[in-house]
Amino acid sequence: MIAEMKKLNLAAMSYDREKVLNALQRTGAAEVKCHTPVESVSPLPFAGDELRARLSASEAALAALVTEADRYRKDNKIKTEPVKDGFGISYTEFMAAGENAERMHALTEEVNRLLDEKNALKNELARAKRAAEAARPYSKLTVPFSTLGDTRCTRTLFGYTTVSQAAELQKEELPELCALSTLGAGEVVLISVTAHGSCMDEVQKRLQKYAFTPCPYTDGRTGKELFEELSQEIARLTEALSDNGRAFSDLSEHVRDFKIYCDFLAFGLEKEELSEKLLATERTFLLEAYVPAEQEEAVRAELAAAAEAICCEFTDVPEDETPPTLCKNNAVVSNFEAITDMYSPPNAREFDPNAIMAFFYSLFLGFIMADVGYGLLMFFGGGFLYFKMRKGTMMKRLCGVFAIGGIFTVIWGFLFNSFLGFALLPFKVMPDLTGDGMSWSLAGIKVPALLIISMMIGVVQLFAGYCCRAVQCWRKGNILDGIFDGAVWALFSLGVELAIAGFVEDFGLSVLGTVGGIVAGASLVVAVLTAGRKEKLLGKFTKGFGAAYGVINYASDILSYARLYGLMLAGAVIADIISSNSVSLIASGNAAFIILGAVIMVVGHVFNLAIGLLGAYIHDARLQYVEFYGRFYEGEGELFTPLGSEHRHVWIAPDSSEKTAVSPQK
């Protein structure tokens with residue numbers, strides 16, 4: 001159901017603003033709204049620029065610390081349990097994070113220093129590696145580079161080329177006043193060419209043809225000494241980088257405190273950003289907020305304990321105001337709120353459809369998957385992930401949806417007698433997907449039995465949708481609208497359901513066809529005649545015609561439920577193919593075929609389950625959004641977001657002594 005909201009009007013001294021906002025956050029039950037304009041009273045100025053900069057710096061330092069520490073531990077195969085987001089802390093511990101500001105600021109600076117140090121070391125290491133790569137061809141040279149210089153009449157060219165090019169070069173006929181020698185061999189060959197200055201230009205042209213690379217070094221070191229120096233430099237920088245990573249790893253013991261502090265800063269910034277929603281006089285400030293009616297006394301008590309000079313009043317929310325939406329459902333139904341919220345949260349002034357939608361969503365999900373094995377995997381796999389995931393996340397709720405859908409999948413699986421494509425029982429309750437029992441005669445036409453069942457299930461949901469429409473209207477005091485726009489069409493759906501059952505010759509209940517036809521026809525006449533009750537003259541006729549024409553849309557909506565049959569058929573056929581082929585391979589007795597059959601069995605069913613769940617999730621949601629919610633749902637609501645309830649890293653649990661505190665929103 002949707003919680004009733006009260007409107008809090010509060011006035012307090014300006015110096016108590018921090019205490020009042022902390023008290024509201026402590027309750028987890030107050031969403032501050034923009035204050036109604038008051039003459040000669042202006043909004044508070046925003047003073048959170050410094051806080052925003054500090055939060056940004058702290059979040060960046062935290063991200064860098066976690067990334068670098070994890071990288072170091074992974075590279076060194078150090079197994080540790082990371083501090084995952086969503087861990088619970090008490091309200092007292094959360095508020096105490098403000099006392100760690102100086103320590104956290106120092107930690108931020110240290111992380112930034114280490115990050116700068118790492119970047120500098122990486123740049124130096126990259127330069128050293130490039131230099132070592134350039135010096136590698138000369139690593140076996142044991143004479144100083146300076147000895148390979150020019151004389152008064154001669155010039156010396158020293159460098160290297162590839163082995164193949166060196167072989168070709170040695171076959172080259174060089175000028176007479178020229179001497180060529182090779183000083184070493186390996187991946188490359190060192191070449192030394194000494195020539196008279198008059199023929200050096202000709203020598204250079206010939207060397208270029210053989211990919212000759214001149215030596216850039218001219219100092220007194222040998223090539224071996226140079227390469228060893230660079231190798232030692234690389235080793236030193238590598239060790240320094242390792243020490244840097246170890247320092248990050250050591251600092252990671254503060255990650256938990258760091259995350260708490262970041263969320264504390266975010267809460268402080270949130271309070272500053274409320275400035276535009278609050279009004280202030282010279283000495284006081286004014287605040288308006290939405291509070292769940294059931295938390296009124298808790299909020300009142302918390303505010304009274306926070307400050308003495310405070311005046312607060314709780315009133316009903318005016319009719320021209322739409323309060324935020326807070327759904328209060330049990331642990332099962334609350335998971336399905338994620339499905340509805342992806343479409344649009346319910347309006348706070350309509351009734352909560354999640355309980356009814358949860359039943360139909362699970363029913364359809366189970367019908368599509370319809371296998372005991374898949375249902376058990378959904379239940380245990382979804383349940384495991386549900387309890388492992390962070391509280392309040394979308395994925396956690398969806399895992400809960402799949403786990404609950406697994407129960408319905410097991411039930412449908414027993415009805416269809418299917419366990420990973422195998423027959424589980426010696427009998428079936430539901431018709432076969434293939435064979436003689438797959439079709440029923442609907443008004444003399446052979447139609448797949450499960451297609452008829454899918455559409456009958458759909459009519460039941462349409463019936464429920466029109467009942468919800470009636471309830472919605474009656475809640476608003478629109479009695480006639482509830483009767484003619486809701487109850488009459490619900491009666492029409494009931495007639496359609498009876499008529500379909502009567503027209504199925506295999507049921508042997510032809511009388512239901514007559515009864516259903518009469519009920520559907522009579523209700524349709526009433527709907528046509530009353531559709532234009534609010535219109536004048538021509539409008540009455542056009543509205544009535546529109547109601548009659550709506551029967552075509554109604555029929556198309558029923559056909560939309562055929563997707564249940566199509567998806568279920570596809571999954572069942574694939575499961576049967578996987579299982580039958582796997583069993584054939586395993587039964588062959590060949591060891592290779594046995595292994596192949598087992599692999600096909602596991603991989604195939606995992607793939608079929610994943611694809612089936614994806615299709616079921618999408619198409620099941622589409623049936624809820626269009627066919628079901630299209631009958632009555634208003635939506636366009638805004639979810640209730642209490643002050644200080646949204647945290648990136650932590651979840652605040654009430655202290656055992658804090659009886660006024662309420663649980664955070666799901």
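Reader: What is the relative accessible area of Phe-158?
Author: This is a predicted model, in which local features need pLDDT of at least 70 and side-chain atom pairs count only at pLDDT 80 or more, whereas totals for chains, interfaces and linings use all residues. Residues are numbered from 1 along each chain as its sequence is written, and side-chain values use heavy atoms, with hydrogens and water left out. Phe-158 is found in strand β5, residues 154-162, where helices (H or I, at least four residues) and strands (E, at least two) are DSSP runs numbered from the N terminus. Phe-158 counts as buried (under 20% relative accessible area, with exposed over 50%, partly exposed in between, and a 1.4 Å probe on protein chains only), because its relative accessible area is 8%.

Reader: What distance separates the C-alpha atoms of Phe-158 and Thr-213?
Author: Contact means heavy atoms within 4.5 Å, and, leaving aside neighbours within four places in sequence, the residues in contact with Phe-158 include Tyr-138, Leu-141, Leu-183, Phe-212 and Thr-213. Although Phe-158 and Thr-213 are 55 residues apart along the chain, their C-alpha atoms are separated by 8.4 Å.

Reader: Which residue in β10 is the bridge partner of Lys-6?
Author: Strand β1 (residues 5-13) pairs in the antiparallel sense with strand β10 (residues 284-292) over nine bridges, and two strands pair if DSSP finds at least two bridges between them. With strand β11 (residues 310-316), β1 also pairs in the antiparallel sense, over seven bridges, and there Asn-9 stands opposite Glu-313. In β10, the partner of Lys-6 is Val-291.

Reader: What relative accessible area does Arg-26 have?
Author: Glu-302 forms a salt bridge with Arg-26, the closest N and O atoms being 3.1 Å apart, where the term requires a side-chain nitrogen of Lys or Arg within 4 Å of a carboxyl oxygen of Asp or Glu. The pair links distant parts of the chain, with Glu-302 in helix α9 (residues 296-306) and Arg-26 in helix α1 (residues 17-27), 276 residues apart. Glu-302 is buried, at a relative accessible area of 12%, whereas Arg-26 is partly exposed, at 24%.

Reader: Which residue meets Lys-118 in a salt bridge?
Author: Lys-118 lies in helix α4 (residues 101-135) and its partner in helix α2 (residues 49-75), so the pair ties together parts that are 50 residues apart in sequence. Both residues are buried. The N to O distance is 2.3 Å, and the partner is Glu-68.

Reader: By what part of a helix are Glu-233 and Arg-236 separated?
Author: The side chains of Glu-233 and Arg-236 meet in a salt bridge at 2.7 Å, N to O. Glu-233 counts as partly exposed at 28% relative accessibility, and Arg-236 also counts as partly exposed, at 43%. Because they stand three residues apart in helix α7 (residues 223-251), their separation is about one helical turn.

Reader: What is the phi of Ala-370?
Author: Ala-370 is found in the loop between α11 (354-369) and α12 (372-388), and it is buried, at 7% relative accessibility. Among the residues touched by Thr-409, not counting those up to four places away in sequence, are Met-369, Ala-370 and Asp-371, and Thr-409 itself has its place in helix α13, buried at 0% relative accessibility. Although Ala-370 is not a glycine, its phi is positive, at about 45°.
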